[in-house]
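Q: I would like to learn how to read structural features of this kind, one at a time. Where do we begin?

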Amino acid sequence: MPRLCLLAALALRLAGAALLSPGSCTFEDSACGYQWDYAHLPWTLHGEGHYISVDTSYEGEKAVLSSPDLYSEEWSCVRLIYQIATTSDTSPDPARLNLYLRQEGESFDRLLWSAKEPSDSWLIASLDLTNSTKKYKLVLEGEMGQDKSTSIAVFEIKITSGYCIECDFEENHLCGYVNRWNPNVNWFVGGGNIRNSQSILPKDHTLNSALGHYMYVDSVYVKHFQEVAQLISPRTTAPVSGCLSFYYQLKLESSIIFTVYLRDMSGFYEEIWKTDGALNADWALAEVDFNAPYPMEVIFEVAFNSAKGGYVALDDISFSPVYCSNQTGAPFNPVNAGCNFEEDLCNFYQDHKDGPGWSRVKVKRNVYRAGDHTTGFGESKLLSPRRVKLYISCIKGYYLLANTKFTSQPGYIGRLYGPTLPGNLQFCLRFYYALYGFFKMSGTLAVYIFEENHVVQEKIWSVLDSPKGVWTQAEISFKKPMPCKVVFVSWCKSFWDCGLVALDDVSLSLGSCQAADLLLPTPGECTFEKDECVFTQKKRGRGSWHRKRGPTPTSYTGPKGDHTTGVGYYMYIEASNMVYGQRAYLVSRSLRGTSGKQCLTFFYHMYGAGTGLLSVYLKKEGDDEEIPLWRRTGEQSISWLRGLIEYESDTNYQIIFEAIRGVSIRSDTAIDDILFQAGPCLEVEEIQFSSGYPDSLNEIEY
């Protein structure tokens, strides 16, 4: 068994430990109200070393530790000091420590942080918690992995009001700030009567005392031109914007460049502040507007040109949600730059000098052409008098179509302009497109960036030939220094050359698309891109649910692609492997019961002349009855259709998807993009149960 660094815990005993805030614990004499789940491995409290741990001396997969109920209306920071010790650094299934947020009224825990790197000493993680009116718990989960000798230890949990990027450097963990190692120049802790390499260094700013602490970097060991030292903050884990301030002193003997950057998850640097190079004999206050709508690190960088460059000292980094520059007006909301075209064009518009190149259309459910991507529906009428619950529906099923029968003249062009976007921000543009035609359609849809001040259009994306009739997701990262607009351009010589181009569900988010892909998953969401998520099967075999990519093997049944991206994974039953009436079950793990309504959203695909039944059931813990929530029978559409279910369960429960094979092999049934959400559904389907074919099937309407 690898030894844990017990001395590390002693080094982390904070001043005023007896006055720890709720949810904080140093594990000196007790677990501070934290409780472990007896259904899993036990945690062991080590009073001598001041830590709590779990190891592989017991058989089991994981250990769970939950905090008492917590409540905070203020922004707060959780600091976790931990260690993962293993005998192998290359295990295919390594040990892992996860931190979840369990909010009142939600069936799923939100993953805040996860680590799997083994170490010989303690490490620190810093997580921002946004203010909330809901009670919550912090849940620690130690996964033991496959290594036969593993220990996971937690030395300290500390919850403080404020932001994780704030620091006065008075505590040994330095608030999670780390120095990027350089053989010649590095940031060090100063003060506290530590003898430093410089003969004169300032007192700290926090206490104005030689006993106080600060960070400093000097040029004594500089050997090369432009030697650089970096002090890196904890990464923000929630969107923040406002005023970043800090105090610094600068002794200048030759050129020093002191700069503050923001760095996102993809490694992109953005300079936000630079010193003017003047000598500061006393602590000087620096303030800069700070905007981190996506995870970022703050980097304090000092570059020296010689060994006689001087030094820079840094102290009391703080943050306020109020901008330093007294900015007025609401911050940019990227939601306003997206559209699903259900009601209108939102903030998009067309240049009518080109003619109506884009038309807003809907297609009723049919087995020839897919409907919109948002819902798959093109009508809002009752499908059957057999129903349990009736609601007023808002489903419309609209999308945009270029080169329709109204714009099929030769040489047409359609330009769709988006709203003005602010400059100097990183954006991720996502949208769905579908192509219809008999010929190669490369280049028939392109995206341009229009910089208004320079009247310049730059092409940033163009469609390549892709499967016909499949809604495919495109994503583009871009950043421009000046305000700009996104322009969707569809151009074609004639209808016969290019066919039709469809556009739907345009969305814009802050940050690069690559950085967004690295974000932690949304709780309660399953796209089946990596695995089956929280679902298992009653029985695995040829006649069970299968995770699939691309079209199903049998013609004239099943989807051509998934709903998430058009090229990803979904779950389906392969009717050719089953007999008429055979059932396949996809069952969720036990979900936490809550008071109040819950909303389940999913997409289903029921195309094929012999399609059977798809049903959704709720099964409460300790109850043998499976309560029917939703059902569809027979062929529904060639499109992915959206299902919405509103339900309640105050006890733990499971959700079951049941598919029954129909009368022929053209009976493949698929599901994708399952999402559980707390609260009532914003839209609810008019019916929960239907049987037979819809009256409007195969009617096409523009």
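A: Begin with a cavity lining: by class, the second largest cavity is lined by seven nonpolar, one polar and no charged residues. Nonpolar here covers Ala, Val, Leu, Ile, Met, Phe, Trp, Tyr, Cys and Pro, charged covers Asp, Glu, Lys and Arg, and the others, Gly among them, are polar. The model is predicted, so to speak of local features pLDDT must be at least 70, and side-chain atom pairs count only at pLDDT 80 or more, while totals for chains, interfaces and linings use all residues. Residues are numbered from 1 along each chain as its sequence is written, and side-chain values use heavy atoms, leaving out hydrogens and water.

Q: Which residues line the second largest cavity?

A: A cavity is a set of points, on a 1 Å grid over the protein atoms alone, where a 1.4 Å probe fits but cannot get out; lining residues have an atom within 4 Å of a point. Here the lining consists of A337, F348, G418, P419, L421, L429, V486 and L508. The space in this cavity is about 50 Å³, the volume being that filled by probe spheres set on points joined across faces, edges and corners. The structure has four cavities of 30 Å³ or more.

Q: Which residues touch the most other members of the largest nonpolar core?

A: In soluble globular proteins, nonpolar side chains tend to be buried together. A nonpolar core is a set of buried Ala, Val, Leu, Ile, Met, Phe, Trp, Tyr and Cys residues joined through side-chain atoms within 4.5 Å; buried means under 20% relative accessible area, exposed over 50%, and partly exposed in between (1.4 Å probe, protein chains only). The largest core has 74 residues, and W187, F300, F431 and F488 touch the most other members. Strand β25 (residues 425–436) gives this core its largest share, six residues. Another core lies apart from it and has 33 residues, including Y34, W43, I84 and L101. Strands are DSSP runs (E, at least two residues), numbered from the N terminus.

Q: What does F431 touch?

A: Contact means heavy atoms within 4.5 Å. Leaving out residues up to four places away in sequence, F431 touches residues including L445, V447, W461, I476, F488 and L503.

Q: How many salt bridges are there?

A: Side chains of opposite charge can pair when their charged atoms come close. The rule asks for a side-chain nitrogen of Lys or Arg within 4 Å of a carboxyl oxygen of Asp or Glu, and the count comes to 16 salt bridges. One of them joins E297 and R263, at 2.8 Å from N to O. E297 is in strand β19 (residues 296–304) and R263 in strand β16 (residues 256–264), so this pair ties together parts 34 residues apart in sequence. E297 is buried at 12% relative accessibility, and R263 is buried at 17%.

Q: Which parts does the salt bridge of D109 and R592 tie together?

A: These two side chains meet at 3.0 Å, N to O. D109 lies in the loop between β6 and β7, and R592 in the loop between β35 (583–588) and β36 (594–606), so the pair ties together parts 483 residues apart in sequence. R592 is partly exposed, at 21% relative accessible area.

Q: What is the phi of N208?

A: Phi of N208 is near 50°, a positive value in a residue other than glycine. N208 sits in the loop between β12 (188–191) and β13 and is exposed, at 57%. N424, also not a glycine, has a positive phi of about 60°; its place is the loop between β24 (413–417) and β25.

Methods. Helices (H or I, at least four residues) and strands (E, at least two) are DSSP runs, numbered from the N terminus. On a 1 Å grid over the protein atoms alone, a cavity is a set of points where a 1.4 Å probe fits but cannot get out, and a pocket is an open set with protein on both sides within 12 Å along at least five of seven lines; lining residues have an atom within 4 Å of a point.
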